[in-house]
Amino acid sequence: MHRRTLLGGVVAAAATPVISPTPAADATDGGGGQAAALRLSTSAYRRLDGSTPSRDLYDTVESHIRLIQSITRSANSDGDRTRLAAVGSEAASFAG
């Protein structure tokens, strides 16, 4: 059981992408790069859910949703907020 928990944590850490938005994405739409990176992370968590118990992903997904909420609150334009809210909705549906 401990080995499964350890491997689940290692896989989650390895699958979580570290992405910096490209300058072109930031220049055209301030939050577009952030929304894309957050959506990619949500997709990675969905893939992990197929092989990892949900209880092992709970803390990570909860933190991910809090990050999306924080970034959405600090967004400058309505377009950015709309994109980020869509990402938050997608992450919340996964958490449910």
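Axes are taken as lines fitted to C-alpha atoms, for helices over the stretch in contact, and the angle between two of them runs from 0 to 180 degrees between N-to-C directions. In these terms, helices H3 and H4 of the predicted model pack at an angle of about 170 degrees, with their axes 11 Å apart. Because angles over 145 degrees count as roughly antiparallel, H3 and H4 are roughly antiparallel to each other. On the H3 side, this contact is made by Gln34, Leu38, Ser41, Thr42, Tyr45, Leu48 and Asp49. H4 contributes Ser54, Leu57, Thr60, Val61, His64, Leu67, Ile68 and Ile71. By class, the residues of the contact of H3 with H4 comprise eight nonpolar, six polar and one charged.

The chain as a whole contains five helices and zero strands, and its pattern along the sequence reads α-α-α-α-α. Of its 96 residues, 30% are buried. Among contacts between residues at least 6 apart in sequence, 65% join residues at least 24 apart.

The packing of H4 against H5 was examined next. Helix H4 spans residues 54–73 and helix H5 spans residues 78–95. Their axes lie 9 Å apart, at an angle of about 165 degrees, which means that H4 is roughly antiparallel to H5. The crossing in which H4 passes H5 is left-handed. From H4, the contact involves Leu57, Val61, His64, Ile65, Ile68, Ile71 and Thr72. Twelve of the residues in the contact of H4 with H5 are nonpolar, three are polar and one is charged.

H5 also packs against H3, with an angle of about 10 degrees and axes 9 Å apart. H3 and H5 are therefore roughly parallel to each other, given that angles under 35 degrees count as such. Gly32, Gln34, Ala35, Leu38, Arg39, Thr42, Tyr45, Arg46 and Asp49 form the H3 part of this contact. The H5 part consists of Asp80, Arg83, Leu84, Ala86, Val87, Glu90, Ala91, Ser93 and Phe94. The residues of the contact of H3 with H5 divide into eight nonpolar, four polar and six charged.

Individual residues within these helices were then considered. Threonine 42 is located in helix H3, which covers residues 32–49. With a relative accessible area of 1%, threonine 42 counts as buried, because the class is defined by values under 20%. Apart from neighbours within four places in sequence, threonine 42 is in contact with His64, Glu90 and Ala91. The side chains of threonine 42 and histidine 64 are joined by a polar contact of 2.7 Å.

Histidine 64 itself lies in helix H4 and is likewise buried, its relative accessible area being 6%. A polar atom of the histidine 64 side chain lies 3.5 Å from the backbone oxygen of leucine 38. When residues up to four places away in sequence are not counted, histidine 64 touches Leu38, Ser41, Thr42, Tyr45 and Ala91.

Glutamine 34 is placed in helix H3 and is partly exposed, with a relative accessible area of 35%. Arginine 83, in helix H5, also counts as partly exposed, at 31% relative accessibility. Although 49 residues apart along the chain, arginine 83 and glutamine 34 have C-alpha atoms separated by 9.4 Å. For glutamine 34 and valine 87, which are 53 residues apart in sequence, the C-alpha to C-alpha distance is 9.9 Å.

How values were computed:
Residues numbered from 1 in each chain as written. Predicted model: local features only at pLDDT ≥ 70, side-chain atom pairs only at ≥ 80, totals over all residues. Heavy atoms only, no water. Helix = DSSP H or I, 4+ residues; strand = E, 2+ residues; numbered from the N terminus. Parallel < 35°, antiparallel > 145°, perpendicular 65-115°, else oblique. Left-handed = near helix turned anticlockwise from the far one by under 90°. Contact = heavy atoms within 4.5 Å. Nonpolar A, V, L, I, M, F, W, Y, C, P; charged D, E, K, R; others polar. Buried < 20%, exposed > 50% of the residue type's maximum accessible area, 1.4 Å probe, protein only. Polar contact = N/O pair within 3.5 Å; in protein donor to acceptor, adjacent residues only side chain to side chain.
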